[in-house]
Amino acid sequence: MLSLMVVLPFLSALFMAVLYLSMPRLKNQNIYTIIGVGTPAITVLLSLITLFSLMQGESTIYNTLFEWISIGDFNISVAFMADRLSAVMVSFITVIGTLIHIYAAGYMRGDAGYGKFFSYFNLFMGSMLLLVLADNPIMMFVGWELVGLSSYLLIGFYHHDSANITAANKAFILNRVGDFGFIIAIALLFVGLGAGGFTFDAIAANITTLSTEMLSLIGILLFVGAMGKSAQIPLYVWLPDAMAGPTPVSALIHAATMVTAGVYMVARYSFLYVEIPDVGLFIAYVGAASALFAAIIASFQSDIKKILAYSTMSQLGYMFIAVGLGAYSSGIFHVFTHAFFKALLFMGAGAVIIALHHEQNIFKMGALKKSLPLVYVTMFIATLAISGIPPFAGFFSKDAILVSAFSSEHYLIWAMATVTALLTAYYMFRMLFSVFHADVAEEHHLQKLPQSMTAPLVFLAFGSATVGFLGVNEAYGGSAWFNTFLALPDTPLHLSHTAEYLLTALNVALGLSGMVLAYRGFAKVAKPTEANTFVKTLVLNKFYVDEFYTLVIVKPLLVLSRLITNVIDPKLVDGFIGALVEGYRAIAREFTWLQNGKVRYYALQILVGVSVMSTFMLFKLGVL
Amino acid sequence: MLELSLFSILALFMLGGSVAMIINKQPLFSAFGFLVSMLGLAGMFALLDSQFLALAQIMVSVGAIVVVSMLTILTVNAKEKNLPDEPYKYRWIIFSALLVSPLTLLMYKSMTLLHEQFNGIDVVDTKAMGSLLFSQWVLPFEIVSVLLLSAMVGAIVIARKKRTKVQER
Amino acid sequence: MKPELFFMLASLLFSIGIVGVVSRRNLFVVYMSIELMLSAISLLLVTFSKVLGTADGAVIALLMIGVIAAEAALFLAIIIHLYRRSRSVDSDAYQGLRQEANDA
């Protein structure tokens with residue numbers, strides 16, 4: 001059954017791809033809708049069955065498809081494992097994924113590449129499921145790479161505009177840079193532990209046999225991969241550019257699922273990271289820095305999707321704070337709740353963009369409260385969730401993270417996270433108010449939205465409002481069901497209930513203040529911030545990080561490639577081969593006189609041969 | 001003694017004629033040298049007691065071949081300036097003479113190592129030749145006649161002018 | 001009079017013939033040098049005939065004269081034909097089998 005869950009999306013992607021290639025101008029696109037949305041729907045069923053069977057108390061489910069490589073110690077099977085962590089991940093990935101597929105059916109309707117889109121989208125689903133359900137690091141890496149590929153294909157979907165292709169390349173290349181570390185980490189793991197079988201269970205059992213230095217190295221290198229995949233500093237610059245893809249892509253890949261693969265990976269390797277708390281601390285610092293950094297930039301952005309992109313990066317920072325400090329369940333819980341409200345936010349943003357005929361600047365929107373009521377209400381719920389206002393989902397997960405941060409006694413991290421919480425509320429409500437509340441000069445002429453786009457919003461709003469209750473802490477009388485179900489090696493909290501209550505109150509207060517600040521700034525008149533001070537210029541230009549990378553890394557590489565293409569390749573390599581060929585030709589040319597067509601010369605050659613033989617025979621006769 | 005002096009004279013004719021033949025620029029003078037050489041050869045045949053062969057040599061080689069060669073040379077009638085220009089003639093001759101000297105030496109030495117002697121029996125006379133020719137060697141004799149016929153036909157075919165179609169005005 | 005003298009003479013004539021074939025460009029001289037080579041061999045045959053006491057060698061020499069005549073006819077016919085084609089009796093004028101030093 002697990003194999004089915006992974007293989008079905010791949011098969012449907014293949015089928016749709018073949019169909020699209022063979023009949024590119026198919027009139028009736030419904031076949032793509034049926035297969036493209038139906039397959040994820042089937043995976044929802046399968047994943048829920050898996051989850052429920054695990055909830056009934058069954059132990060981890062295994063399923064092997066076939067043996068792939070078997071060379072000495074290196075035995076890799078295409079095998080799947082559904083333990084509690086995977087089951088939870090798979091459940092929300094498939095549910096939210098299916099909702100976004102339905103949304104995409106409406107969003108992409110009429111596009112010439114409709115079939116191609118769903119082929120890629122299903123490819124992504126299959127890859128993500130493969131990543132999460134893999135039972136050994138190699139299969140997880142295969143899934144890791146495939147989601148990167150799907151991301152590249154989908155970002156560059158509108159390929160006629162070369163800027164989109166550049167953005168897709170950027171995403172893929174930065175991903176690859178991260179994967180470099182990831183691969184080395186896997187190789188080190190194999191060298192150290194491969195002899196006992198290379199599945200996660202086997203590695204987990206033997207992990208303590210490696211030295212702490214080796215474990216730290218592996219841990220850091222794995223995180224380098226996560227930096228690329230989950231857009232943390234310094235490999236984050238691809239995420240804002242990735243917004244060039246269609247909005248369903250942003251919703252599914254760059255908000256709810258792919259970018260969370262890094263967090264999942266750390267949780268999956270929790271047996272490793274519990275041994276190396278220092279590396280975990282480093283991860284937490286990177287997460288905190290990314291969170292704060294992204295929040296600052298987001299506060300000044302005008303493009304609605306870019307605001308959400310930076311917001312994703314910021315929330316991912318939160319997740320890494322959690323898993324870095326050992327609160328694995330809280331991190332995964334935040335992944336879970338974040339998927340709901342971030343997908344909702346993106347889908348709502350997509351709805352607004354479509355309604356306003358592809359306008360993406362929030363300062364050109366406004367007063368949409370009355371005209372798009374459904375979108376308004378659902379996005380309002382999502383914004384409340386992300387700002388950590390109870391009783392919505394984000395409150396519970398974010399609060400858990402902040403409490404863990406405080407309890408770990410790394411107060412700098414806690415401070416950064418708390419400031420970020422304030423900023424999060426501020427910029428999210430800034431966006432909401434600018435889009436829906438602010439006054440506009442003239443009425444917008446709206447495009448009607450299909451129901452396939454608005455219905456999923458309702459589901460997700462419901463989810464954002466309620467799923468928080470799955471992980472209520474004990475302090476509030478909840479059973480922390482989510483955490484106990486996951487059974488990850490969490491660090492226990494060292495806080496009294498009083499301290500917890502105080503912290504929670506602080507968080508809520510900050511969230512509300514952020515909302516009020518945004519209201520005062522943007523609810524009536526929404527104007528973009530002008531770059532009139534140095535600080536403002538710096539932030540509006542995203543701290544010039546892209547420019548820095550271009551200068552320091554991209555340009556030297558380009559110079560080097562040009563050098564090789566124009567100088568080294570033609571002169572050295574081609575020249576060497578050419579010299580060989582030319583030299584041979586020159587020698588051959590010298591011998592052409594042997595065949596100049598004159599009979600006299602041929603007779604002479606015969607004579608030379610005869611002469612040589614005669615001399616030889618004279619020697620033999622003893623005459624000479 | 002007589003024979004030796006005759007031999008010397010005839011050998012001189014032959015060698016002189018052949019050297020003249022290969023050195024001369026004008027083909028007609030080469031032909032004259034060739035003629036002299038062939039006559040010398042006829043004399044040699046006579047010295048070796050094959051009288052019939054000597055006469056046949058004069059009739060065919062001199063009377064037919066040399067004549068036909070001269071006929072062709074005169075028919076072609078190349079002017080002095082149309083003759084091939086051979087700037088390095090003597091160098092070529094000396095070079096090839098050097099190359100061919102081992103062969104000459106080999107030929108001479110391999111035959112003298114046989115230590116043969118002339119026996120004095122005068123068996124190579126016409127009668128002996130005739131009886132052999134029509135008994136043992138009759139097949140090659142017939143084949144040579146066919147060969148001569150085909151050579152005649154072939155020469156005509158090769159040397160004739162191409163027939164060109166003449167347009168009737 | 002010993003056979004060695006005849007052998008020497010025949011070898012010399014043969015060599016002169018070879019030299020003529022290789023060195024000269026004029027087709028007539030080439031032709032006549034070939035004849036000379038054949039004649040030298042005839043001489044050799046007759047010498048051996050006298051040495052061995054049978055007439056076989058002489059008979060072969062006789063038949064060779066016939067062959068020589070046939071070959072002479074054909075050779076001269078070819079010279080005529082070639083002269084008609086390219087107005088020259090230079091053996092270096094015919095280079096159809098030449099290998100060009102091409103750079104393709």
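Where is A:Ala231 found in chain A? The answer is the loop between helix 8 and helix 9 of chain A, and view 1 takes a look at that loop. Before that, a word on the conventions. This is a predicted model, in which local features need pLDDT of at least 70, side-chain atom pairs count only at pLDDT 80 or more, and totals for chains, interfaces and linings use all residues. Residues are numbered from 1 along each chain as its sequence is written, while chains are lettered from A and ligands numbered from 1 in the order in which they are written.

**View 1. The loop between helix 8 and helix 9 of chain A holds A:Ala231 and A:Pro234.** Helix 8 covers 212–229 and helix 9 covers 238–241; helices here are DSSP runs of H or I with at least four residues, strands are runs of E with at least two, and both are numbered from the N terminus. A:Ala231 has a phi near 55°, a positive value in a residue other than glycine. A:Ala231 is also buried, with 31 other C-beta atoms within 10 Å. For background, most residues other than glycine have a negative phi, and most peptide bonds are trans.

**View 2. A:Asp179 is a buried residue in helix 6 (residues 162–193) of chain A.** It counts as buried because 20 other C-beta atoms lie within 10 Å. Leaving out residues up to four places away in sequence, A:Asp179 touches A:Glu145, A:Gly225 and A:Gly228; contact means C-beta atoms, placed from the backbone, within 7 Å. A:Leu221 is 42 residues from A:Asp179 in sequence, and the two are 9.0 Å apart in space, C-alpha to C-alpha.

**View 3. A:Ile321 sits in the largest nonpolar core, which has 198 residues.** Such a core is a set of buried Ala, Val, Leu, Ile, Met, Phe, Trp, Tyr and Cys residues joined through C-beta atoms within 7 Å. The members that touch the most others are A:Leu133, A:Ile321, A:Ala343 and A:Ala417. Helix 15 (residues 328–355) of chain A gives the largest share, 17 residues. Not counting residues up to four places away in sequence, A:Ile321 touches A:Ala284, A:Gly287, A:Ala288, A:Ile401, A:Ala405, A:Ile413 and A:Ala417. Another core, of 68 residues, lies apart from it and includes B:Leu53, B:Val66, B:Leu103 and C:Leu13.

**View 4. Helix 1 (residues 3–23) and helix 2 (residues 27–52) of chain C come within 8 Å, axis to axis.** They cross at roughly 165°, with axes being lines fitted to C-alpha atoms, for helices over the stretch in contact, and angles running from 0 to 180 degrees between N-to-C directions. The pair is therefore roughly antiparallel. (Under 35 degrees is roughly parallel, over 145 roughly antiparallel, 65 to 115 roughly perpendicular, and the rest oblique.) Residues that meet here include C:Phe6, C:Leu13 and C:Phe14 of helix 1 and C:Val30, C:Met37 and C:Leu44 of helix 2. By class, the contact has 18 nonpolar, four polar and no charged residues; Ala, Val, Leu, Ile, Met, Phe, Trp, Tyr, Cys and Pro count as nonpolar, Asp, Glu, Lys and Arg as charged, and the others, Gly among them, as polar.

**View 5. Helix 24 of chain A packs with helix 1 of chain C at about 140°.** Their axes are 8 Å apart, and the two helices are therefore oblique to each other. A:Arg600, A:Ala603, A:Leu604 and A:Leu607 meet C:Ile18, C:Val21 and C:Val22.

**View 6. Chain B meets chain C through 74 of its residues, against 63 of chain C.** On the chain B side, helix 1 (2–23), helix 2 (27–47), helix 3 (51–76), helix 4 (89–112), helix 5 (126–135) and helix 6 (138–159) each give two or more residues. That side has 54 nonpolar, 15 polar and five charged residues. Chain B has six helices and zero strands, and buried residues make up 28% of its 169 residues.

Notes. Two residues are in contact if their C-beta atoms, placed from the backbone, lie within 7 Å. A residue is buried if 20 or more other C-beta atoms lie within 10 Å of its own, exposed if 12 or fewer, and partly exposed in between; C-beta atoms are placed from the backbone.
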